[in-house]
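User: I would like to go through this model with you. Please keep the answers brief.

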Amino acid sequence: MNTTTKEAPAQQEGSRRGWLREHSELGVCVLLLALGALVLTDALTMDVEITQRGPVGPKTVPVVVGIGLLVVAVLLAVDVLRGGRGEAEGGEDIDLSEPADWRTVLLLAGVFLATAVLIEPLGFPVAGALLFWGAAYALGSRHLDRDPLIAAGLSVATFFVFDNLLGVPLPGGPLMGVL
């Protein structure tokens, strides 16, 4: 029996895996491409007649960001296919032998998810305060007396800047009558 015919598919599979491993940055390109398409689709289909005040409206920044994501995805893909490789992190404050801090990542993801769920019923001032305080806690701040006050101040200031100065309506929630 000829063993080379049995080994050829296994070698092809191994070489395909090796090629994918050597070009793993293409996964980032696909992610950037999908994100850019999503941002552009969302920006171009949004209704902005209420908030439009001049030639530069609410669509401008999302369209620029979406186009930028698409351009970066294409440029990165071209670089990777030409042999470019990302360098391993060599920062002096990073210990590459330590494992990833999944607790912090999961806490931040939970805070972002909670903000997305709570912004409509509670409004931006309350949900934003929870976001700012939760992010500070997840990143290591343990000043439980000071952090919630700073988070509340940042959230209310952000609400006023966007709602009153920029004209971008944010949900006020139950505090709408108070603010």
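User: Leaving aside its neighbours within four places in sequence, which residues is glutamate 25 in contact with?

Analyst: Glutamate 25 is in contact with Leu76, Val80, Arg85 and Gly86, where contact means heavy atoms within 4.5 Å. Please note that this is a predicted model, in which local features need pLDDT of at least 70 and side-chain atom pairs count only at pLDDT 80 or more, while totals for chains, interfaces and linings use all residues. Residues are numbered from 1 along each chain as its sequence is written, and side-chain values use heavy atoms, with hydrogens and water left out.

User: Where is glutamate 25 placed?

Analyst: Glutamate 25 is in the loop between helix H1 (3-22) and helix H2 (26-45). Helices (H or I, at least four residues) and strands (E, at least two) are DSSP runs, numbered from the N terminus.

User: Is glutamate 25 buried or exposed?

Analyst: Glutamate 25 is buried, with a relative accessible area of 17%. Buried means under 20% relative accessible area, exposed means over 50%, and partly exposed is in between (1.4 Å probe, protein chains only). The C-alpha atom of glutamate 25 is separated by 7.8 Å from that of alanine 77, 52 residues apart along the chain.

User: What about leucine 32: which residues is it in contact with, again leaving aside neighbours within four places in sequence?

Analyst: Leucine 32 is in contact with Leu69, Val72, Ala73 and Leu76. Leucine 32 is in helix H2 and counts as buried at 18% relative accessibility. Between leucine 32 and leucine 76, 44 residues apart along the chain, the C-alpha atoms are separated by 9.6 Å.

User: Stepping back, how many helices and strands does the chain come to?

Analyst: The chain has six helices and zero strands. Of its 179 residues, 20% count as buried. Among contacts between residues at least 6 apart in sequence, 59% join residues at least 24 apart.

User: Now the other end. Which residues does aspartate 147 touch, beyond its neighbours within four places in sequence?

Analyst: Aspartate 147 is in contact with Trp133, Ala136, Ser141 and Arg142. Aspartate 147 is placed in helix H6 and is buried, with a relative accessible area of 9%.

User: And what does arginine 142 lie over?

Analyst: Arginine 142 lies over the face of tyrosine 137, at 3.9 Å from the ring centre. A charge sits over a ring if NZ of Lys or CZ of Arg is within 6 Å of the ring centre and within 35 degrees of the ring normal.

User: How many aromatic pairs does a search of the whole structure find?

Analyst: The search finds two. In one of them, phenylalanine 159 and phenylalanine 160 have ring centres 6.0 Å apart and planes at 70 degrees, so the pair is edge-to-face. Rings of Phe, Tyr and Trp (its six-membered ring) pair if their centres lie within 6.5 Å; planes under 30 degrees apart count as stacked, over 60 as edge-to-face and the rest as tilted.
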